[in-house]
Amino acid sequence: MKGLVYTKPNGVIYREETDPVPGEGEALVRVDAVGICGSDMHAYLGHDDRRPPPLILGHEACGTVQNGSFAGKRVTLNPLVTCGTCEACGAGRENLCPNREIISMPPRQGAFAEYLRIPERNLIELPGDMDPAIAALSEPVATAWHAVGVGERHSWRTPETTHALVIGGGSVGLSAALVLRSRGYREICIAETNPLRRETVAREKGITIIDPTIEPVEENGFDMVVDAVGGAETRRSASAAIKPGGVIVHIGLLEAEGGLDVRKMTLQEITFVGTYTYTMADFRDTVAALGAGELGELKWIEKRPLSQGASAFRDLFEGRTGAAKIVLMP
């Protein structure tokens, strides 16, 4: 099969790779579409020790099953492979499974390829004739869906009275804003530094967009802040922007340290909560919402052939695209 292989920092090559062989209980999936995630970019730049080269990256995928009980069906897939037997899995919190694996991280190859193998229990059949590129958004949107749900559980305000800020207008940040909008939040702002992405976000109704390098984020102005970047500077902005009694929802994984104003959090009783990926229930709910059109038309994706994956990575790194998500088509 053909695959897009991460071979060294700033290097991916489209080349021939060995076909995957599914094990017991696993499906062989022909990949129809796969998105480039921020974590793929992190690995591409050589900043993720968990993803050493050579490795096939990519985990935001959908495809057609070639074998087993799902044979012939179009599916999206939950890339988190969990044990199913631990306390977290038993409680429906599979994302916290201590034995979890994820495709695109050893020992599992990812989805930037024509085929991949994954347990059948990770497959979700697609509704109707959903566009594969939209179906590939299930994973990043599920991440946002889960994060908003976690934030809501820690907030004492109703959606109608919550002023929400999302830091970062990439796929997860924009998805978080769309999920908030679908749940009745009336005041939603996205802070994004990339002018092309700001143009993309500006097309969405009910969402305000600002450039934080020109228009500083309002201090003590927001009841909920979703940090979809996760850097020291964005945590600093979140700390300044949050109102007393508010909730900071932290999704991004850009940097491990710095920026958080712990003194303000203590004195103003601010909740800071980290969120990681999604549960299987989140994933199913997300697929249903996408299928029903609850999050809008989702015209902020850009499709490219998998064979052009190297140029797509370069364009993302250099900020030459306004698309919140580039989806590769094998």
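How many helices and strands are there in the protein chain? There are 10 helices and 18 strands, counted as DSSP runs (helices: H or I, at least four residues; strands: E, at least two) and numbered from the N terminus. The radius of gyration, taken over C-alpha atoms, is 19 Å, close to the 20 Å that the globule rule gives for 330 residues, so the protein chain is as compact as a globular protein of that length. That rule is 2.2 Å times the number of residues to the power 0.38.

This is a predicted model, in which local features need pLDDT of at least 70 and side-chain atom pairs count only at pLDDT 80 or more, while totals for chains, interfaces and linings use all residues. Residues are numbered from 1 along each chain as its sequence is written, and side-chain values use heavy atoms, with hydrogens and water left out.

**Whole chain**
- The C-alpha atoms fill a box of roughly 55 × 40 × 35 Å along the principal axes.
- Buried residues (under 20% relative accessible area, 1.4 Å probe, protein chains only) make up 55% of the 330 residues.
- Of the contacts (heavy atoms within 4.5 Å) with a separation of 6 or more, 69% are between residues 24 or more positions apart.

**Thr64**
- Thr64 lies in strand S5, residues 60-65.
- Thr64 counts as buried because its relative accessibility is 12%.
- Thr64 and Val31 are 33 residues apart in sequence, with their C-alpha atoms 6.6 Å apart.
- Beyond its neighbours within four places in sequence, Thr64 contacts residues including Leu28, Val29, Gly72 and Lys73.
- The side chains of Thr64 and Asp32 are joined by a polar contact of 2.9 Å; such a contact is a pair of N or O atoms within 3.5 Å, and within protein one must be able to donate a hydrogen and the other to accept it, with residues adjacent in sequence counting only if both atoms are side-chain atoms.

Definitions and conventions:
Buried < 20%, exposed > 50% of the residue type's maximum accessible area, 1.4 Å probe, protein only.
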